[in-house]
Amino acid sequence: MHTQSVKLYSPGFGEARTYLAAGAFILGNLIFPRLCHAFEGGGPTWLPIYFFTLVGAYKYGWRTGLLTALLSPLINAGLFGMPAVHSLPAILLKSVLLAGIAGFVAARTQRANLLTLAVVVLGYQSLGTLGEWILKGDLFLAAQDFRIGIPGMILQIVGGWLAIRYIPLQRD
C-alpha cells in the first residue's frame, strides 16, 4: 500500500485560517449534498454530509473538523431541510466523531493512505452506529449507513485520500 506523506495543519481557534478552512469545507458540505440529493436515495447512499468534514479534519486538524462537523448539518437543515431535523442528533454525533477520529489519526500518523482513512471511516461509522442505536432505540435504523451507505464510505476513503493528497489548500 502506498503511503503518502502529506503536509497536515492544525491551526488553533485563534487563527484565521481555522475559520477560512472551515468555511471552505462547510461550503463543500453544502454543495456536495445538494448534488447527491438530486438523485433518488443519493443522501443515504453517498453520505455526502461527511465528506468535507473528513477532508477538513484530516488536513487541518480537529478544530477545523469540529467547526465543519457542527455547522454543516445545521446550515443544511436550516437552508434546505436536509438533513431532516429528527436526523440531526445522529448526524451531528457521527460528524463530531469523524472530526475527532480524523484529527487524531492524522496528527498521530502524519500520513494519508487508504488504510488510515479506512480506519477513520470505519471508526466513526461503528461508534456512530452504536450512538445512533442508543438515540433511536432501533439497531436496524442505526445500521442504515452499513446497509445502504457502503458506496459513500468507499467514496470517503478513496476520494478523501485523493483530496487530502492532491488538493493544495494552503501555500507554505
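This is a predicted model: local features need pLDDT of at least 70, side-chain atom pairs count only at pLDDT 80 or more; totals for chains, interfaces and linings use all residues.

Select Leu70, Leu71, Leu74, Ile75, Leu79, Phe80, Met82 and Val96. Together they make a nonpolar surface patch of about 630 Å². Which element gives the most to this nonpolar patch? It is helix 3, with six residues.

Now pick out Leu74 on its own. This patch member lies in helix 3. Is Leu74 buried or partly exposed? Its relative accessibility is 41%, so Leu74 counts as partly exposed. The cut-offs are these: buried is under 20%, exposed is over 50%, and partly exposed is in between.

Next, select residues 51-80, the whole of helix 3. Look at its two end C-alpha atoms: helix 3 spans only 18 Å between them. A straight helix of 30 residues would span 44 Å. Where is the kink in helix 3 centred? Click on Gly61: the kink is centred there, at about 150°.

Move on to Thr64, which also lies in helix 3. Its relative accessibility is 0%, so Thr64 counts as buried. Show what surrounds Thr64. Leaving aside neighbours within four places in sequence, Thr64 is in contact with Pro11, Thr18, Ala21, Ala22, Phe25 and Gly56.

Finish just after helix 3. Select Gly81. Here the backbone takes a positive phi of about 75°.

Definitions and conventions:
Residues are numbered from 1 along each chain as its sequence is written. Side-chain values use heavy atoms; hydrogens and water are left out. Helices (H or I, at least four residues) and strands (E, at least two) are DSSP runs, numbered from the N terminus. The expected span of a helix is 1.5 Å times one less than its number of residues. The bend at a residue is the angle between axes fitted to the seven residues ending there and the seven starting there. Patches are made of residues with over 30% relative accessible area and no salt bridge: like charges are joined within 9 Å, nonpolar side chains (Val, Leu, Ile, Met, Phe, Trp, Tyr) within 5 Å. Accessible areas come from the Shrake-Rupley method with a 1.4 Å probe; for residues, only the protein chains shown count as cover. A salt bridge is a side-chain nitrogen of Lys or Arg within 4 Å of a carboxyl oxygen of Asp or Glu. Buried means under 20% relative accessible area, exposed over 50%, partly exposed in between (1.4 Å probe, protein chains only). Contact means heavy atoms within 4.5 Å.
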